Amino acid sequence: MPSTNPAPAPARPTAPNAPSVPSPANVRPGGSAPPPARRRLPRLDAVDRDVLALYLFTRVALALVAYCTAWLFPRAPEAHSPSPFTDVVGQWDWSHYLHIARDGYFPDDPAARPAEWDNREAFFPGFPLVLRTAHLVVPEWTAAGLLVSLVAGAVAVLALARTARLHLPRAADARRAVLLLLVSPCAVFLAVGYTESLFLALALPSWLAARRHDWRAAALLAAGATAVRVSGLFLLAALLVHFALTARARGALRRLPWLAVPALPPLLYSCYLYLRTGDWMAWKHAQERGWYREFHPPWEAWGTTWSAAFGHGYTTPYALMWQAELVAMGVGLVTVALLARARRWPETCYIALNLWALGTSYWYMSIPRATLLWWPLWIGIACWTLSRPRWLAAWLCLSGPLSVVLAVTFFSGRWAG
């Protein structure tokens, strides 16, 4: 799985997450039913415009939280002026992406080399490449990163709404899935210089293209996703399952070679690292060195995380984040079970592989943040609450405050995933 940020003594945790997961049983099975007729996506309609308005409102809200955090939690206890806004929003993993985009993976300039190597090879090159391109337009690096996430996030929520329309009875109901994502506990990571927005902006359109049987577009978009995060390979697995279940038409097998394209970015990145380090899996070994992502059986990972969360061996903020990891793992397992019961095998494969990658390390790390990438979860909750408006209100009353708390945690420089 993609890497995360530095940690305390043995490592570090991640962000809080949502409560129990709803049932996507009302959702039409994604693998067995034939897809809609192939056609071009329509232009922005009223629902799309509502989705974009909601997206912009939540961006303004997060900017306001960041502004207040800068004043309420300055770096120096006796400060009389807030921290610079770019410092407030540029926390944790952002420094890795910045260093890669600005200096490369193996900088020749001694001044650009960190005193202690930061294992930046663990991060895939897609986001740094887009960031470097945005920097040509926006000279300030942090502002360029915010711009990338802002634009990519807009594409992502539109694609999520279009995906939700495939499963919800009315097009207007798609706004519900977008709302659930944008006020989810880890939503702050969609607004800062992280990879989640860019990944979703590629993965969701890829999935939509696959549902239309446009395998060339699906493969090319998925290739972008695999360049951004190793999670793109889990998307590729879901595409292959979907192809196997639905591509029964004569001549469909001729499109199968397109699905080899998403494997090229990770392969090329591994070749590049091999030429520089002599190690084909240098990115994986960097994750093991920096974030303790060496393989451990799932029960050992659960036990270690439980001990970190409730064993009083870590300070309370870190312990709370590990508690969130356990909750997120539970949410993921329930989601996989419900998707399997609904016979939505491609989505089941996608989330199950995510959980396997994140749940077989020394301990859990970044599972709450990974929930942002589980679009079947947000669509499933939207479906489940259509006939249960009180449960929607209850979910939002829990998720909204958690989202603000986690945003303050991140903006104040505390570990949040």
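Where does Asp214 lie? I found Asp214 in the loop between α7 and α8 (215-228).

**Ground rules**

I am working from a predicted model, where local features need pLDDT of at least 70, side-chain atom pairs count only at pLDDT 80 or more, and totals for chains, interfaces and linings use all residues. Residues are numbered from 1 along each chain as its sequence is written, and side-chain values use heavy atoms, with hydrogens and water left out.

**Overall make-up**

I looked up the secondary structure next. The protein chain comes to 17 helices and zero strands. Helices (H or I, at least four residues) and strands (E, at least two) are DSSP runs, numbered from the N terminus. I then checked burial. Buried means under 20% relative accessible area, exposed over 50%, and partly exposed in between (1.4 Å probe, protein chains only). Of the 417 residues in the protein chain, 55% are buried. For contacts I used heavy atoms within 4.5 Å. Among contacts between residues at least 6 apart in sequence, 78% join residues at least 24 apart.

I went back to Asp214. Its relative accessible area is 15%, so Asp214 counts as buried. From Asp214 to Arg255 I read 9.0 Å, C-alpha to C-alpha, across 41 residues of sequence.

Val230 was next. Val230 sits in the loop between α8 and α9 (231-246). Val230 is buried, because its relative accessible area is 6%. Val230 and Ala357 are 127 residues apart in sequence, yet 9.9 Å apart in space, C-alpha to C-alpha.

**The loop between α14 and α15**

I picked two serines here. Ser361 lies in the loop between α14 (345-358) and α15 (367-370). Its relative accessibility is 2%, so Ser361 counts as buried. What is Ser361 in contact with, leaving aside its neighbours within four places in sequence? I listed Tyr292, Arg293, Glu294, His296 and Ala301.

Ser366 is in the loop between α14 and α15 too. Ser366 is buried, with a relative accessible area of 6%. Its phi is near 75 degrees, a positive value in a residue other than glycine. I noted this because most residues other than glycine have a negative phi.

I placed Trp92 in the loop between α2 (85-89) and α3 (93-103). Is Trp92 buried or exposed? Trp92 is buried, because its relative accessible area is 19%.

I followed the chain into α3. The buried residues of α3 are Asp93, Trp94, His96, Tyr97, Leu98, Ile100 and Ala101. They pack against α4 (126-135), α5, α11 (282-291) and α15. Just after α3, Gly104 takes a positive phi of about 90 degrees.

Next I looked up the largest nonpolar core. A nonpolar core is a set of buried Ala, Val, Leu, Ile, Met, Phe, Trp, Tyr and Cys residues joined through side-chain atoms within 4.5 Å. Of the 126 residues in the largest one, Phe189, Tyr350, Trp374, Trp375, Phe410 and Phe411 touch the most other members. The largest share of this core, 12 residues, comes from α5.

I took Phe410 for a closer look. Not counting residues up to four places away in sequence, Phe410 touches Val88, Val89, Gln91, Trp92, Val188, Phe189, Val192, Tyr194 and Ala416.

**Cavities**

I ran through the cavities. A cavity is a set of points on a 1 Å grid over the protein atoms alone where a 1.4 Å probe fits but cannot get out, and lining residues have an atom within 4 Å of a point. Grid points are joined across faces, edges and corners, and a volume is the space filled by probe spheres set on the points.

How many cavities of 30 Å³ or more does a search of the whole structure find? The search finds two. α5 (141-165), α6 (174-182) and α7 (196-211) each supply at least two of the lining residues. The largest share, three residues, comes from α5.

**Cysteines**

I checked for disulfides, meaning pairs of cysteine sulfur atoms within 2.5 Å. The count comes to zero. Cys186 is buried, with a relative accessible area of 1%. Cys271 is partly exposed, at 26%.

Terms used:
1 Å grid on protein atoms, 1.4 Å probe; cavity = no way out; pocket = protein on both sides within 12 Å on 5 of 7 lines; lining within 4 Å.
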